[in-house]
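Visitor: Hi, I'm new to this one. Could you walk me through it?

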Amino acid sequence: MPAIIASAGDKASEHFLEFFAATIRNKNTRAAYVQAAAQFFRWCEQYDLKLASIRPLHVSAYIETKPLTAPSIKQHLAALRGLFNWLVIKQVVPENPAMFVKGPRFSRQVGITPIMEAEQMRLLLDSISITRRIKIPRKHGGGYKEVADLKGLRDRAAIAIMGYTFARVSAVVGLTLGDYRLEGKRGRLRLMEKGNKEKLVWLHREAEEFLDTYIAAAGIEDAKAPLFQTLDKAHILSGEVLSRRDMLRAVKQRCNVAGLSESFCNHTFRGTGITVFLNNGGSLEAAQDMANHSDPRTTKLYDRRKELANLSEIERRIAFE
């Protein structure tokens with residue numbers, strides 16, 4: 001609880017918490033808004049401001065002095081507008097000081113998430129080791145033997161699903177065994193995407209094969225069990241859900257082993273899948289549906305074909321020799 005809120009009384013504290021708990025359902029948005037509000041109120045405390053004395057001038061000064069990118073500033077303003085609007089409704093403060101503070105103009109024609117070319121994606125998947133050597137005790141004959149590497153099988157399956165289905169990492173790590181089912185002879189996943197939108201997606205044969213191999217080796221049987229779990233030091237599934245940060249660390253590690261850039265991240269596979277799909281003749285409408293976008297302009301942000309084409313033209317046509 002920020003000190004400036006706590007000092008405003010129990011009513012302010014209650015409704016401050018209520019805003020985040022009751023009005024924001026998306027966990028990622030809630031976390032971002034909590035952080036934005038905390039940073040703003042820490043700034044206010046430096047100038048001995050009270051909650052009721054905060055004015056648009058203060059919000060504007062905060063935005064001016066904050067070293068943030070334009071999208072981050074817009075997010076901070078959205079968080080403050082929403083919070084103060086709630087406090088006005090609950091009669092904690094008389095007016096919303098963030099309501100009329102203008103943010104920077106900003107638009108983006110192409111996404112900034114780094115994507116892979118098809119050959120790089122192939123290299124990454126093929127480079128993930130799915131076996132490991134373990135030492136056999138001397139009383140059992142000694143030596144070494146090859147066993148399935150659950151971590152490698154897990155990472156390969158998760159990365160393939162993100163690439164082939166264009167799914168967000170939060171939807172993939174949130175899967176349970178019951179979300180995977182066979183319809184006829186093909187596998188299908190029930191993904192819970194952004195905004196609690198349920199999406200049924202068919203699996204590409206390779207992603208299905210990788211997932212089946214992982215499930216068989218892991219021995220997961222409970223339909224409610226997390227599909228992708230953390231492992232303990234003995235390489236045994238812990239039963240705990242693999243977090244987005246855990247998945248990010250795994251992606252960085254796998255890219256490093258494959259000799260690929262460490263700038264690649266979880267979201268890379270969404271952009272990579274969409275770009276490769278469109279480059280191979282897929283329609284924008286189909287990509288939009290698969291990516292669960294409500295607006296085709298959002299899907300176009302992930303389409304990096306022009307960017308790759310421009311790079312090819314630069315390499316081919318410009319030579320200072």
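Predicted model: local features only at pLDDT ≥ 70, side-chain atom pairs only at ≥ 80, totals over all residues.

Visitor: How much space lies in the second largest pocket?

Guide: About 470 Å³. A pocket is an open set of points on a 1 Å grid over the protein atoms alone, with protein on both sides within 12 Å along at least five of seven lines, and lining residues have an atom within 4 Å of a point. There are 23 lining residues, and Gly163, Tyr164, Phe166, His204 and Gly273 are the closest to the centre.

Visitor: Which element gives the most to that lining?

Guide: H11, with 5 residues. Helix H11 spans 268–279; helices here are DSSP runs (H or I, at least four residues), numbered from the N terminus.

Visitor: OK, new topic. Which residues touch the most other members in the largest nonpolar core?

Guide: Ile159, Leu189, Leu211, Tyr214, Phe228 and Met247, out of 44 residues. A nonpolar core is a set of buried Ala, Val, Leu, Ile, Met, Phe, Trp, Tyr and Cys residues joined through side-chain atoms within 4.5 Å, and buried means under 20% relative accessible area with a 1.4 Å probe, protein chains only. H7 gives the most to this core, 8 residues.

Visitor: What else is there?

Guide: A second, separate core has 31 residues, including Trp43, Cys44, Leu80 and Val93.

Visitor: And Asn96, is that buried or exposed?

Guide: Buried, because its relative accessible area is 12%. Asn96 is in the loop between helix H5 (70–89) and H6. Among the residues Asn96 touches, leaving out those up to four places away in sequence, are Leu80 and Phe84; touching means heavy atoms within 4.5 Å.

Visitor: What does the side chain of Asn96 reach?

Guide: The backbone nitrogen of Ala98, at 2.9 Å, and that of Met99, at 3.3 Å.

Definitions and conventions: Residues numbered from 1 in each chain as written. Heavy atoms only, no water. 1 Å grid on protein atoms, 1.4 Å probe; cavity = no way out; pocket = protein on both sides within 12 Å on 5 of 7 lines; lining within 4 Å. Points joined across faces, edges and corners; volume = space filled by probe spheres on them. Helix = DSSP H or I, 4+ residues; strand = E, 2+ residues; numbered from the N terminus. Buried < 20%, exposed > 50% of the residue type's maximum accessible area, 1.4 Å probe, protein only. Polar contact = N/O pair within 3.5 Å; in protein donor to acceptor, adjacent residues only side chain to side chain.
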